Amino acid sequence: MRKKESMQDYVKIGNDSLETALSIFRFEENGSKIVYAPSLNVIGYGKTYDEADNDFEFCLSEFFRSTMANGSFEREMEKLGWRMDKQLMTAPTMQELLPKDAIFLEMFNNLSYRKQNRSMSLSLA
């Protein structure tokens, strides 16, 4: 029997840094390489996976920096379905995300993909 796959993404906010662990999906569509974090709805594109990874990391950093800077971080995370417990936020499960996310649903049902877990730290200073 196949083990039920679950997403265990989290964001932990410290005094001057942010740590995150995300489930990242890599797939190809229309000749483009795509790196996608459905729990944050952040996507990176490129001609190669290296380019897509670099674009993804830039977009992810900008998401965190811009929402923190303009005071919309918690509101955006809540809109994405994240649960907040003091300084630790946890993402919705894959089962919660799939029916709400057209990109994720299309990828999951119709494309070949590879899932990987990625951790990242970001300075907030």
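**Strand β1 and its partners**

Author: β1 and strand β6 (residues 88-90) pair in the antiparallel sense over 3 bridges; strands here are DSSP runs (E, at least two residues; helices are H or I, at least four), numbered from the N terminus, and two strands pair if DSSP finds at least two bridges between them. Quick caveats: this is a predicted model, where local features need pLDDT of at least 70, side-chain atom pairs count only at pLDDT 80 or more, and totals for chains, interfaces and linings use all residues. Residues are numbered from 1 along each chain as its sequence is written, and side-chain values use heavy atoms, with hydrogens and water left out.

Within that pairing, tyrosine 10 stands opposite threonine 90 in β6. β1 also pairs with β2, again in the antiparallel sense, over 4 bridges. There, lysine 12 has glutamate 19 of β2 as its bridge partner. With 3 residues between them, β1 and β2 form a hairpin.

Now for the faces. In a regular strand, side chains alternate between the two faces of the sheet. In β1 (residues 10-13), Val11 and Ile13 make up the covered face, while Tyr10 and Lys12 are on the uncovered one.

Follow β2 (17-29) onward and you get to the loop between it and β3 (32-37), where glycine 31 lies. Glycine 31 counts as exposed because its relative accessible area is 51%; the cut-offs are under 20% for buried, over 50% for exposed and partly exposed in between, using a 1.4 Å probe and protein chains only. From glycine 31 to methionine 68 is 37 residues in sequence and 34 Å in space, C-alpha to C-alpha.
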